[in-house]
Structures are given as structure tokens and as C-alpha cells.
Amino acid sequence: SRNTKNPHNMYLLTMAELGLVGLFLLLYLFFLHFKTALKLKVSAHRDIMIVVGTAFFLLNFSDSYFLGHYTSFLYAFFVSVFYHQSN
């Protein structure tokens, strides 16, 4: 049998490596993301932020997208650009 190090679920991986505290902090990241998105003044930016947050929240159930440099950078890039342009 082969050992695996990635359960292809970011939440299970975080729970296994960092416990409940790590899982809480990861979910808190998304909570703050949506809370901040709902406060944006430009409706197009608010909608894009909600779509990006929802996409990454759901995609992390099928793979560990925050472990990859490109996908985690893409998330940070979208969030920072649309948040900065709205304020």
C-alpha cells in the first residue's frame, strides 16, 4: 500500500495537521473574506469578491488549493486588488 500525504481536501488536511484551532482559523479567513466583501461600496467588486470567496471555499473541498503557490497567490491577488480598488 502507498502512503498519501494529501487527502485532496484542504479542511481535512488542516484538521489533521493543525487540529481544531487550525481549522477554525482557516474557516475564520473565509468568514472575514465574506464579511469584508459585503461591506464593499462598488457592487461589481462586491460580487467578484463573493464569487472568488465561494469558488475557493468550495474548491478546497476537492483539493488543497492554498498549498499551491499559484492558486494561493491568485486568491491573494484577487482579494487585494478588488478590496483596494473599492476603498
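The buried residues of H2 are His 45, Met 49, Val 52, Gly 53 and Phe 56. They cover an arc of only 95° around the axis, so they sit on the same side of H2. The arc is that of the directions from the helix axis to the C-beta atoms. Buried means under 20% relative accessible area, exposed over 50%, and partly exposed in between, with a 1.4 Å probe and protein chains only. The face of H2 turned away from its buried side carries exposed Val 51 and Leu 58. An α-helix has 3.6 residues a turn, so residues three or four places apart point the same way.

This is a predicted model: local features need pLDDT of at least 70, side-chain atom pairs count only at pLDDT 80 or more, and totals for chains, interfaces and linings use all residues. Residues are numbered from 1 along each chain as its sequence is written, and side-chain values use heavy atoms, leaving out hydrogens and water.

Now the overall fold. The protein chain has 3 helices and 0 strands. Along the sequence, its pattern reads α-α-α. Helices (H or I, at least four residues) and strands (E, at least two) are DSSP runs, numbered from the N terminus. The C-alpha atoms fill a box of roughly 55 × 25 × 15 Å, taken along the principal axes. Of the 87 residues, 26% count as buried. The accessible surface comes to about 6200 Å², and 69% of it belongs to carbon and sulfur atoms. Such areas come from the Shrake-Rupley method with a 1.4 Å probe; for residues, only the protein chains shown count as cover.

H2 also passes a length check. At 1.5 Å a residue, its 17 residues should span 24 Å, and its end C-alpha atoms are 24 Å apart, which agrees. The expected span is 1.5 Å times one less than the number of residues.

Next, the core. The largest nonpolar core has 9 residues: Met 10, Tyr 11, Leu 23, Leu 26, Phe 30, Val 52, Phe 56, Phe 66 and Tyr 75. Helix H1 (10-38) and helix H2 (43-59) are the elements that give two or more residues to this core. The largest share, 5 residues, comes from H1. A nonpolar core is a set of buried Ala, Val, Leu, Ile, Met, Phe, Trp, Tyr and Cys residues joined through side-chain atoms within 4.5 Å.

Two residues show the packing here. Leu 26 touches Met 10, Tyr 11, Thr 14 and Phe 66, not counting residues up to four places away in sequence. Contact means heavy atoms within 4.5 Å. Thr 14 lies in helix H1 and counts as buried because its relative accessibility is 7%.

Aromatic rings come next. Rings of Phe, Tyr and Trp (its six-membered ring) pair if their centres lie within 6.5 Å; planes under 30 degrees apart count as stacked, over 60 as edge-to-face and the rest as tilted. The count comes to 14 aromatic pairs. Phe 56 and Tyr 75 form an edge-to-face pair, 5.0 Å centre to centre with 65° between the planes. Phe 56 lies in H2 and Tyr 75 in helix H3 (residues 69-86), so the pair ties together parts 19 residues apart in sequence. Both residues are buried. One aromatic cluster is formed by Tyr 11, Phe 30, Phe 56, Phe 57, Phe 61, Phe 66 and Tyr 75.

Last, the H1–H2 loop. Val 42 lies there and counts as partly exposed, at 34% relative accessibility. The C-alpha atoms of Val 42 and Phe 82 are separated by 9.3 Å, though 40 residues apart along the chain.
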